[in-house]
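Me: Please take a close look at one part of this model, the one your heading names. After that, connect it with a few other places in the chain.

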Amino acid sequence: MKKIYNPERNTWSEILRRPTQTVADIEGTVLDVFNEVKTKGNKAINRYTKKFDKVSLDSILISEEEIEKAKQLVSEELKEAIVLAKSNIEAFHAAQKTKRVSVETTDGVRCWQEKRPIQKVGLYIPGGTAPLFSTILMLAVPANIAGCAEIVLCSPPDTEGKINPAILYTANLCGVTKIFKVGGIQAIAGMTFGTETIPQVYKIFGPGNQFVTVAKQLATKFGVAIDMPAGPSELLVVADDTANASFVASDLLSQAEHGKDSQVILVSTSKELILAVEKEVTSQCEPLPRKEIAEAAIANSKLIYVENDKEALELINEYGPEHFIVCVADQDFYVDNIINAGSVFIGNYTPESAGDYASGTNHTLPTNGYAKQYSGVNLDSFMKSMTFQKISEEGIQKIGKAIEIMAEAEGLQAHKNAVTLRLDSLK
């Protein structure tokens, strides 16, 4: 990890730059896949699955038989862990339900807002270097609480044409309606346009590599909404002398092992802690099964020393981390003043892994600085707010004149007439 001491403010943007390709670098590839899937449907899906996933499939739709077999392959211990996590995620997201908001803005003018579920949603679940069945919990659980009628899931098959049993078990447990063995760009394209077997959806959720991220952004050009432009995982830890260096190092590595394009950063007011964390990262990385991936991510990462908490906070808000861990004596300073972060983890005993799996918060979060303008996935992500209004005879008389004046000022005579006719009928 590169150590940086007291960086000048004019160097922050370069220091904090993500190790990702730009959209322009890969948009051409994504567009080619989209155009072919749009015109050729399943034929294109199968061609790209063979090209990218190295497998030819007779059917991309998961059968009931495959689901039942998967249930038998998942250990009881893992099933219990998944059920525990599901319970906590349900509790947190169910608590996000809001009641109808109703206001009489003027006598006889009643306005209210209600929420309705998005009918058709698509979930993308990565399954390449790590089968992220936990992401199903984070997406399908709130989708069900919201009342989404159709929940479609796509996940890439392995070279044997199978999907990890834990993914199938969790998807079935969480009420996913259809599961497809399709990954990458072609999965996003399939859910965007629909094919002979993959339903077209209204909104697509889920993380993925840079190609999936660009594919989701491109989907928005074809009338499909997305949760956010979530890309490679990232973590920033702020820590001082009160932090445990081994804990901090373990958190940095927990994100580094996600992928070679992940990024982890430590910001600290203690030079001694930086050196201790660097030593711990080296020793803890050595025995990891995903050591090669973690080492590549660590090469993109930084250890940054700053003089005080104020400067540290300003730098962190400039970065806008996906995950933000606070391990300092004055926790309240950071908790009260952080503006740009996807999810915040407070104290030495709150690892980022807890949010990834079982604390109850959602782990589908904005990356690449999008925490400055996007929220992480929550119950409202699967719902739409609709407004209603009902105006009585008294109400139209109260506001009618104002409407007429405003419509006429904008040169919209038909708008004015729609009110005038009603007012005249009441004379």
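**Cysteines and their surroundings**

Reply: Cys285 counts as buried because its relative accessibility is 5%; buried means under 20% relative accessible area, exposed over 50%, and partly exposed in between, with a 1.4 Å probe and protein chains only. The model is predicted, so local features need pLDDT of at least 70 and side-chain atom pairs count only at pLDDT 80 or more, while totals for chains, interfaces and linings use all residues. Residues are numbered from 1 along each chain as its sequence is written, and side-chain values use heavy atoms, with hydrogens and water left out.

A disulfide is a covalent bond between the sulfur atoms of two cysteines. Here the criterion is a pair of cysteine sulfur atoms within 2.5 Å, and searching the whole structure gives 0 disulfides. Cys148 is in no disulfide, and its nearest cysteine sulfur belongs to Cys174, 13 Å away. With a relative accessibility of 8%, Cys148 counts as buried. Cys285 is likewise in no disulfide; for Cys285 the nearest cysteine sulfur is that of Cys327, at 20 Å.

Now the chain as a whole. Of its 427 residues, 48% count as buried. The C-alpha trace spans about 85 × 60 × 45 Å along its principal axes. The chain has 17 helices and 14 strands, taken as DSSP runs numbered from the N terminus (helices: H or I, at least four residues; strands: E, at least two). Contact means heavy atoms within 4.5 Å. Among contacts between residues at least 6 apart in sequence, 75% join residues at least 24 apart.

Gly161 sits in the loop between β5 (150-155) and α7. At 7% relative accessibility, Gly161 counts as buried. Outside the four places on either side in sequence, Gly161 is in contact with Val55, Leu57 and Lys181. Gly161 and Asp53 are 108 residues apart in sequence, yet 8.7 Å apart in space, C-alpha to C-alpha.

The crossing of α4 and α7 is left-handed, a term for a near helix turned anticlockwise from the far one by less than a right angle; clockwise is right-handed. On the α4 side the contact is made by Glu66, Ile67, Ala70, Lys71 and Leu73, and on the α7 side by Pro165, Leu168, Tyr169 and Asn172. These residues divide into 6 nonpolar, 1 polar and 2 charged (Ala, Val, Leu, Ile, Met, Phe, Trp, Tyr, Cys and Pro count as nonpolar, Asp, Glu, Lys and Arg as charged, the others, Gly among them, as polar).

The contact of α5 with α6 divides into 11 nonpolar, 1 polar and 2 charged residues.
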